[in-house]
Amino acid sequence: MANSIKEIYLSDIYFSHIKEQKADTSIVLVNIGELNRTDIATLINLIGESEPAAIGLDVLFSKTSPDKVGLDSVKRVAAKFNDLIVFPVFYDQQTNNPDIRYHVLPNVKKGHINLISNQNRTQPVRYFHPFYLNDQGEYFYSFAAKISSIVDIEKSEPIKSKSSKRQIINYFG
């Protein structure tokens, strides 16, 4: 219990209970739970047919998985809605490329999911990098920033004015 109390930040209390903020309902999260890749493809298709502004797939597909048929289904439906889909990747800052341990869907938008925690990943995530700037001067945005830029480009513009250094995550709701 003592460790749990250490993890409480005043900013959490402020943003979750004190500060009045209206929740943005233009983004809906769908929990895929334990769905297999074929079922994920079916779900993407159903969501895509409702014409959303964006579809963020917060899931990694390991290259060691034997489910090649399911992965092909996901790739097929992703190609159908490629202008809507944002796919997460771990960004390797040394190579300026996605981590090679995971499949990356072709022809979809990508956002990095490099979250900042302690080395053992035992502390809550408090910070993130809004973007990385690669050697070619291209922005590689975080997963959340990429989705928000698709949904509302005006509201996401302040992200570009921030540095690529870590930014605090303000939780509310």
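A crossing of two helices is termed left-handed if the near helix is turned anticlockwise from the far one by less than a right angle. In the predicted model described here, the crossing of α3 and α4 is left-handed in this sense. Helix α3 spans residues 37–49 and helix α4 spans residues 68–80, and the two pack at an angle of about 15° with their axes 7 Å apart. Because angles under 35 degrees count as roughly parallel, α3 and α4 are classed as roughly parallel to each other.

The contact between these helices involves R37, T38, I40, A41, I44, N45 and E49 on the α3 side. Their counterparts in α4 are G70, L71, S73, V74, V77 and K80. By residue class, the contact of α3 with α4 comprises 6 nonpolar, 4 polar and 3 charged residues.

Two residues other than glycine adopt positive phi values, E51 and N107. E51 is located in the loop that links α3 to β1 (55–56), and its phi is near 60°. The relative accessibility of E51 is 69%, and this residue therefore counts as exposed, the cut-off for that class being over 50%.

N107 is situated in the loop between β4 (97–98) and β5 (109–112). For N107, phi is likewise near 60°. With a relative accessibility of 61%, N107 also counts as exposed.

Definitions and conventions:
Residues are numbered from 1 along each chain as its sequence is written. This is a predicted model: local features need pLDDT of at least 70, side-chain atom pairs count only at pLDDT 80 or more; totals for chains, interfaces and linings use all residues. Side-chain values use heavy atoms; hydrogens and water are left out. Axes are lines fitted to C-alpha atoms, for helices over the stretch in contact, and angles run from 0 to 180 degrees between N-to-C directions. Helices (H or I, at least four residues) and strands (E, at least two) are DSSP runs, numbered from the N terminus. Angles under 35 degrees count as roughly parallel, over 145 as roughly antiparallel, 65 to 115 as roughly perpendicular and the rest as oblique. Contact means heavy atoms within 4.5 Å. Ala, Val, Leu, Ile, Met, Phe, Trp, Tyr, Cys and Pro count as nonpolar, Asp, Glu, Lys and Arg as charged, and the others, Gly among them, as polar. Buried means under 20% relative accessible area, exposed over 50%, partly exposed in between (1.4 Å probe, protein chains only).
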